[in-house]
Amino acid sequence: MDTFGHQARDILRHPGAFAIHTLKAFRANQGLLLAGAVAYYALLSIVPLLILIVIALSHVIGQVELLDTMGRYLEWLIPGQSKAIIGELASFMHHSDVVGWLLLATMIFFSSLAFTVLENALSVIFFHRVAIHRRHFLVSALLPYCYILFLGVGTLVVTLVSGALEAMGRERIDFLGHSWSLGGVSGMLLYLLGVAGEILVLTSVYLVMPVGRLSLRHALIGGGVAALLWEITRHVLVWYFATLSQVSTVYGSLTTAIVVLLSLEIGAIVLLLGAQVISEYERILRGTSGKRFASFHTEQERSR
């Protein structure tokens with residue numbers, strides 16, 4: 001506890017130095033390349049994953065309410081493009097009766113790809129853990145599917161809570177001849193629910209995906225940093241796509257795919273940066289910060 005407090009105070013006194021050190025380590029680990037791989041497979045995985053969740057939860061919750069909730073919070077991940085994805089998802093669900101076992105197995109496989117690639121990317125960032133601990137291949141094989149189940153349960157809880165908050169927003173309070181709508185309170189609570197869910201998902205990724213046992217405190221640090229960075233980035237992306245972007249002029253009919261891929265890559269960079277913050281903090285605690293692993297350097301970097 002004393003060591004944790006001492007190191008935390010050192011980082012708070014010199015946040016700029018820690019940030020620069022983290023960015024250098026991120027670059028040394030080829031973070032942008034790893035983020036690109038995670039984003040590409042996330043693009044392949046996102047629609048099958050959403051279809052699986054909707055098929056499973058539509059037996060418990062109305063499809064319209066479920067799609068509305070997904071659309072609201074998918075906007076946090078893919079600003080400006082959630083309606084297109086939800087539209088395709090709704091179109092598929094109208095023909096859900098044609099979903100056979102082969103198609104279902106294919107969707108399960110593709111929905112797990114992003115988690116597998118993410119685990120491999122995190123193993124590069126947490127190389128100091130991989131060198132000490134080894135994860136059984138069956139655990140790595142089953143982990144993506146367990147995480148899909150976790151996301152399904154989380155979606156169910158968020159949908160139920162969102163429905164209750166929206167219902168509250170339609171109510172009014174009458175007191176001493178004055179009337180106040182609860183819409184503003186409901187909107188604020190929905191936003192806080194989204195932020196809390198974002199931090200929870202990010203923390204769970206850092207807690208489960210890396211090899212070895214990670215402290216919940218460290219996972220929360222990474223989750224909080226990544227959530228803060230993504231909230232800033234998300235608002236910048238919304239402003240950019242609404243005012244300055246000419247992507248539709250350049251890419252035409254490919255606009256949706258390009259914007260979704262760009263958003264996913266930026267999100268992957270933020271996610272891996274949060275992991276790098278945890279990794280560098282662990283190395284500071286162990287006194288190994290600053291060490292580099294030559295096996296992950298490019299030939300150009302080695303020649304410098």
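T255 lies in helix α12, one element of a predicted model in which the protein has 13 helices and two strands. Of its 304 residues, 40% count as buried.

**Overall fold and surface**

- The secondary structure of the predicted protein comprises 13 helices and two strands.
- Among contacts in the protein with a separation of 6 or more, 76% are between residues 24 or more positions apart.
- The protein exposes about 16700 Å², and 69% of this area is supplied by carbon and sulfur atoms.

- T255 is buried because its relative accessible area is 13%, and buried means under 20%.
- Not counting residues up to four places away in sequence, T255 touches V247 and S248.
- T255 and Q81 are 174 residues apart along the chain, and their C-alpha atoms are separated by 9.6 Å.
- The helix that holds T255, α12, spans residues 255-286 and supplies at least two residues of the lining of the largest pocket.

**The largest pocket**

- Rolling a probe the size of a water molecule over the atoms shows where empty space is left.
- The largest pocket has a volume of about 1400 Å³.
- The lining of this pocket consists of 42 residues, of which Y73, L74, L77, L151 and V201 are the closest to its centre.
- Helices that each supply at least two residues of the lining are α3 (31-57), α4 (63-77), α6 (101-125), α8 (137-169), α9 (183-208) and α12 (255-286).
- Helix α9 gives the most to the lining, with nine residues.
- By class, 32 of the lining residues are nonpolar, nine are polar and one is charged.

- Side chains of opposite charge can pair when their charged atoms come close.
- A search of the whole structure finds one salt bridge.
- This salt bridge joins R234 to E231, with the closest N and O atoms 2.9 Å apart.
- Both R234 and E231 lie in helix α10 (residues 216-243), where they are three residues apart, about one turn of the helix.
- R234 and E231 are both buried.
- R234 counts as buried because its relative accessibility is 8%, under the 20% limit.
- Leaving aside neighbours within four places in sequence, R234 is in contact with E75, W76, P79 and Y191.

- The C-alpha atoms of H235 and W76 are separated by 9.2 Å, although the two residues are 159 residues apart along the chain.
- W76 is also one of the residues in contact with R234.

**G36 in helix α3**

- G36 lies in helix α3, which supplies at least two residues of the lining of the largest pocket.
- G36 is partly exposed, with a relative accessible area of 23%, and it is not classed as buried because that term requires a value under 20%.
- G36 and I266 are 230 residues apart in sequence and 8.8 Å apart in space, C-alpha to C-alpha.

Note on methods
Residues numbered from 1 in each chain as written. Predicted model: local features only at pLDDT ≥ 70, side-chain atom pairs only at ≥ 80, totals over all residues. Heavy atoms only, no water. Helix = DSSP H or I, 4+ residues; strand = E, 2+ residues; numbered from the N terminus. Buried < 20%, exposed > 50% of the residue type's maximum accessible area, 1.4 Å probe, protein only. Contact = heavy atoms within 4.5 Å. Areas by Shrake-Rupley, 256 points an atom, 1.4 Å probe, with all protein chains shown as cover. 1 Å grid on protein atoms, 1.4 Å probe; cavity = no way out; pocket = protein on both sides within 12 Å on 5 of 7 lines; lining within 4 Å. Points joined across faces, edges and corners; volume = space filled by probe spheres on them. Nonpolar A, V, L, I, M, F, W, Y, C, P; charged D, E, K, R; others polar. Salt bridge = Lys/Arg side-chain N within 4 Å of Asp/Glu carboxyl O.
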